[in-house]
Amino acid sequence: QVQLVESGGGLVQAGGSLRLTCAASGSIFSITAMGWYRQAPGKQRELVAAVTTGGSTNYEDSVKGRFTIFRGNAKGTVYLQMNSLKPEDTAVYYCTADSWGGLATTKSWGQGTQVTVSS
């Protein structure tokens, strides 16, 4: 199993920046990809960005050019650098990790961190 802990959320003015950090523990060598989802009040949870162990990335259209996902030097660490933040980026952000158990992929979730962007 993989456990995830996020940090770095907070309150920022529009146009500002934040960096979210996610640290995995447990079976980190089984991780094949890590990502960030977000959920705003009254909306469905959506994928923001993801990165595979091979380095491939993908982004939700509204964050392209503003957000960057990258892996840390320590295995199982991933960051989300968020620049030019907008009020519509306000949400709870969740870190995820996909891990391969030999028969199937399991997605683990962190507890979430609140990001609030004021106008």
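Me: What makes the pairing of the Gln-81 and Arg-19 side chains a polar contact?

Reply: Bear in mind that this is a predicted model. In it, the two side chains come to 2.7 Å, and the cut-off for such an N or O pair is within 3.5 Å, with one atom able to donate a hydrogen and the other to accept it. So the Gln-81 and Arg-19 pair counts as a polar contact. Gln-81 has a second one, joining its side chain to that of Asn-83 at 2.9 Å.

Me: And how do you know whether Gln-81 is buried or exposed?

Reply: Its relative accessibility is 16%. Buried means under 20%, so Gln-81 counts as buried. Gln-81 sits in strand S8, and leaving aside neighbours within four places in sequence, its contacts are Ser-17, Leu-18, Arg-19, Arg-66, Phe-67, Thr-68 and Phe-70.

Me: What about Thr-77, buried or exposed?

Reply: Thr-77 is in strand S8 too, which covers residues 77–82. At 14% relative accessibility it falls under the 20% limit, so it is called buried. Not counting residues up to four places away, Thr-77 touches Cys-22, Met-34, Arg-71 and Gly-72.

Me: Which cysteines form a disulfide, and what makes it one?

Reply: Cys-22 and Cys-95, with sulfur atoms 2.0 Å apart. The cut-off is within 2.5 Å, so the pair qualifies. The structure holds one disulfide. This pair links distant parts of the chain: Cys-22 lies in strand S3 and Cys-95 in strand S9 (residues 91–100), 73 residues apart. The link is left-handed, with -85° about the S-S bond.

Me: Why are Cys-22 and Cys-95 called buried?

Reply: Cys-22 has 0% relative accessibility, which is under 20%, so it counts as buried. Cys-95 also has 0%, so the label buried applies there as well. As for distance along the chain, Cys-22 and Tyr-94 are 72 residues apart in sequence, yet 9.0 Å apart in space, C-alpha to C-alpha.

Me: How do you know that S1 and S3 are paired?

Reply: They share six bridges, in the antiparallel sense. Pairing takes at least two bridges, so S1 and strand S3 (residues 18–26) count as paired. One spot to look at is Leu-4, which stands opposite Ala-24 in S3.

Me: How many bridges join S7 to S8?

Reply: Five, and the two strands run antiparallel. With at least two needed, this counts as a pair as well. Phe-70, for example, has Tyr-79 in S8 as its bridge partner. S7 and S8 form a hairpin with five residues between them, and Gly-76 in the turn has a positive phi of about 90°.

Me: What is the order of the strands in the open sheet, and which are the edge strands?

Reply: The order is S1-S3-S8-S7, four strands with antiparallel pairing. Strand S1 (2–7) and strand S7 (67–71) are the edges, as each pairs on one side only. From one strand to the next, the twist averages 15°.

Me: Which residues have the most contacts inside the largest nonpolar core?

Reply: Met-34, Trp-36, Leu-80, Met-82 and Tyr-93, in a core of 28 residues. The elements giving two or more residues to this core are S1, S3, strand S4 (31–39), strand S5 (46–52), S7, S8, S9 and S11. Take Met-82: beyond four places in sequence, its contacts are Gly-16, Ser-17, Leu-18, Leu-20, Arg-66, Phe-67, Tyr-93 and Val-115.

Me: Last one: is Ser-119 buried or exposed, and why?

Reply: Its relative accessible area is 88%, and exposed means over 50%, so Ser-119 is exposed. You'll find Ser-119 in the segment after strand S11 (113–118). Leaving aside neighbours within four places, Ser-119 is in contact with Ala-14 and Pro-87. Between Ser-119 and Tyr-37 there are 22 Å in space, C-alpha to C-alpha, and the two are 82 residues apart in sequence.

Technical notes:
Residues numbered from 1 in each chain as written. Predicted model: local features only at pLDDT ≥ 70, side-chain atom pairs only at ≥ 80, totals over all residues. Heavy atoms only, no water. Axes fitted to C-alpha atoms, helices over the stretch in contact; angles between N-to-C directions. Buried < 20%, exposed > 50% of the residue type's maximum accessible area, 1.4 Å probe, protein only. Contact = heavy atoms within 4.5 Å. Core = buried A, V, L, I, M, F, W, Y, C linked by side-chain atoms within 4.5 Å.
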